[in-house]
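Please look over the structure shown here. A short report on its parts follows.

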Amino acid sequence: MQIRARCACGHLWYVAQDLAGGLTNCPRCGKATQVDGLRDPLWRVLQGAAALGWVVVVVLLYANTGPLGALLGGAALAAILGLIYLMM
Ligand SMILES: [Zn+2]
C-alpha cells in the first residue's frame, strides 16, 4: 500500500506507507515534503466506524447496566480498540 505526498511545487507522487507522517524529498524539486499521517481513506473509514461503534456500545451498556456498566464496558472496549490500533 502506498500513500500520497504533495509538494508545495504542486508535484504529486506516491511513497511507501512506512513514511506516513514523516518527511520525504520531492522527486521534482528536491524540497522536503510532509507525507499524510493517515494511511489511506479505508483506514479513516475504519477509524470512524470503530469510534461510532464504541459510542453505540457504551449507550447500550448504559441503558442495560447503568453508569457503572457503561464506564467499565466503555473502558474495556477502548483498551481493546487501542490494542488493535497499535497492532495495525
Ligand atoms: Zn517539489
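Y62 lies in helix α1, which covers residues 41–87. Helices here are DSSP runs (H or I) of at least four residues, strands are DSSP runs (E) of at least two, and both are numbered from the N terminus. This is a predicted model, in which local features need a pLDDT of at least 70 and side-chain atom pairs count only at pLDDT 80 or more, while totals for chains, interfaces and linings use all residues. Residues are numbered from 1 along each chain as its sequence is written.

Y62 is partly exposed because 16 other C-beta atoms lie within 10 Å. A residue is called buried if 20 or more other C-beta atoms lie within 10 Å of its own, exposed if 12 or fewer do, and partly exposed in between, with C-beta atoms placed from the backbone. Not counting residues up to four places away in sequence, Y62 touches P67 and A70. Contact means that the C-beta atoms of two residues, placed from the backbone, lie within 7 Å.

A49 also has its place in helix α1. A49 is exposed, because it has 10 other C-beta atoms within 10 Å.

On the strand side, T24 lies in strand β3. T24 is partly exposed because 15 other C-beta atoms are found within 10 Å. Leaving aside neighbours within four places in sequence, the contacts of T24 are A5, V15, L19, T33 and V35.

| Pair | Separation in sequence | C-alpha distance |
|---|---|---|
| Y62 and G73 | 11 residues | 9.2 Å |
| T24 and V35 | 11 residues | 7.0 Å |
| A49 and R6 | 43 residues | 27 Å |

Strand β1 (residues 2–6) and strand β2 (residues 12–16) run antiparallel and are joined by 5 bridges. Two strands count as paired if DSSP finds at least two bridges between them. Within this pair, I3 stands opposite V15 in β2, and R6 stands opposite L12 in β2. The two strands form a hairpin with 5 residues between them, and G10 in the turn has a positive phi of about 100°. β2 is hardly covered, as the count of buried residues among its 5 residues is 0.

What pattern does the protein follow along the sequence? The order is β-β-β-β-α, with 1 helix and 4 strands in the protein. The protein is divided into domain 1 (1–39) and domain 2 (40–88). These bounds come from an automatic or database domain assignment. The C-alpha centres of the two domains lie 32 Å apart.

The overall dimensions can be given in a few values. The C-alpha atoms fill a box of roughly 60 × 20 × 20 Å, taken along the principal axes. The radius of gyration of the protein is 19 Å, whereas a compact globule of 88 residues would have one near 12 Å. That radius is taken over C-alpha atoms, and the globule rule is 2.2 Å times the number of residues to the power 0.38. Buried residues make up 3% of the 88 residues. Of the contacts with a separation of 6 or more, 18% are between residues 24 or more positions apart.

Finally, the confidence of the prediction. The protein averages a pLDDT of 89, and 95% of the residues score at least 70. pLDDT is the predictor's confidence in each residue, from 0 to 100.
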